[in-house]
Amino acid sequence: LGDVYKRQSQDNGTRQRIGERLRQAQRANPGPSDLASERMAMLGQLGFSDAIEDGWIESLIESQSADGSFYWEAGGDTHPHPTGVGLWAIASWRRVR
């Protein structure tokens, strides 16, 4: 069991480091984008939903198209991928609200 606990501790340290890098990247580039949605979704997946800032989600929701989908980039076409990760990011944020 000692190896199992050592591995869990190492995995938790890795998770913490990844979470911090995602937060830093999102703070540096908070505007709505496919990558921003992916960062927020990953924060939620890693257990850091509480780190997703309300303003990030508000900006994301404001960027939604009239039919609820999301764009690859502002002014471009909507697509299933940014729509999926955008909704995943919103769901991750709502988990702790």
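How many helices and how many strands does the chain have?

The chain has four helices and zero strands. Helices (H or I, at least four residues) and strands (E, at least two) are DSSP runs, numbered from the N terminus. Read along the sequence, the pattern is α-α-α-α.

This is a predicted model, in which local features need pLDDT of at least 70 and side-chain atom pairs count only at pLDDT 80 or more, while totals for chains, interfaces and linings use all residues. Residues are numbered from 1 along each chain as its sequence is written, and side-chain values use heavy atoms, with hydrogens and water left out.

**Exercise 1. Describe how helix 2 packs on helix 4.**

Step 1. Two packed helices are described by the angle between their axes and the distance between the axes. Axes are lines fitted to C-alpha atoms, for helices over the stretch in contact, and angles run from 0 to 180 degrees between N-to-C directions.

Step 2. Helix 2 spans residues 34-45 and helix 4 spans residues 80-94; their axes are 8 Å apart, at an angle of about 40 degrees. That makes helix 2 oblique to helix 4. Angles under 35 degrees count as roughly parallel, over 145 as roughly antiparallel, 65 to 115 as roughly perpendicular and the rest as oblique.

Step 3. The crossing of helix 2 and helix 4 is left-handed (the near helix is turned anticlockwise from the far one by less than a right angle; clockwise would be right-handed).

Step 4. Contact means heavy atoms within 4.5 Å. Residues of helix 2 in this contact include Met40, Ala41 and Gln45, and those of helix 4 include Val85, Trp88 and Ser92. By class, the contact of helix 2 with helix 4 has seven nonpolar, six polar and two charged residues. Here Ala, Val, Leu, Ile, Met, Phe, Trp, Tyr, Cys and Pro count as nonpolar, Asp, Glu, Lys and Arg as charged, and the others, Gly among them, as polar.

**Exercise 2. Describe how helix 2 packs on helix 3.**

Step 1. The axes of helix 2 and helix 3 cross at roughly 135 degrees and come within 11 Å. That makes helix 2 oblique to helix 3.

Step 2. Ser37, Met40 and Leu43 of helix 2 make the contact with Trp56, Ile57 and Leu60 of helix 3. This contact of helix 2 with helix 3 has five nonpolar, one polar and no charged residues.

**Exercise 3. Find which residues touch the most other members of the largest nonpolar core.**

Step 1. A nonpolar core is a set of buried Ala, Val, Leu, Ile, Met, Phe, Trp, Tyr and Cys residues joined through side-chain atoms within 4.5 Å. Buried means under 20% relative accessible area, exposed over 50%, partly exposed in between (1.4 Å probe, protein chains only).

Step 2. The largest core has 14 residues, of which Met40, Leu43, Ile52, Trp56, Ile57, Leu60 and Ile90 touch the most other members. Helix 2, helix 3 (54-62) and helix 4 are the elements that give two or more residues to this core.

Step 3. Leaving aside neighbours within four places in sequence, Ile57 is in contact with Met40, Ile52, Ala89, Ile90 and Trp93.
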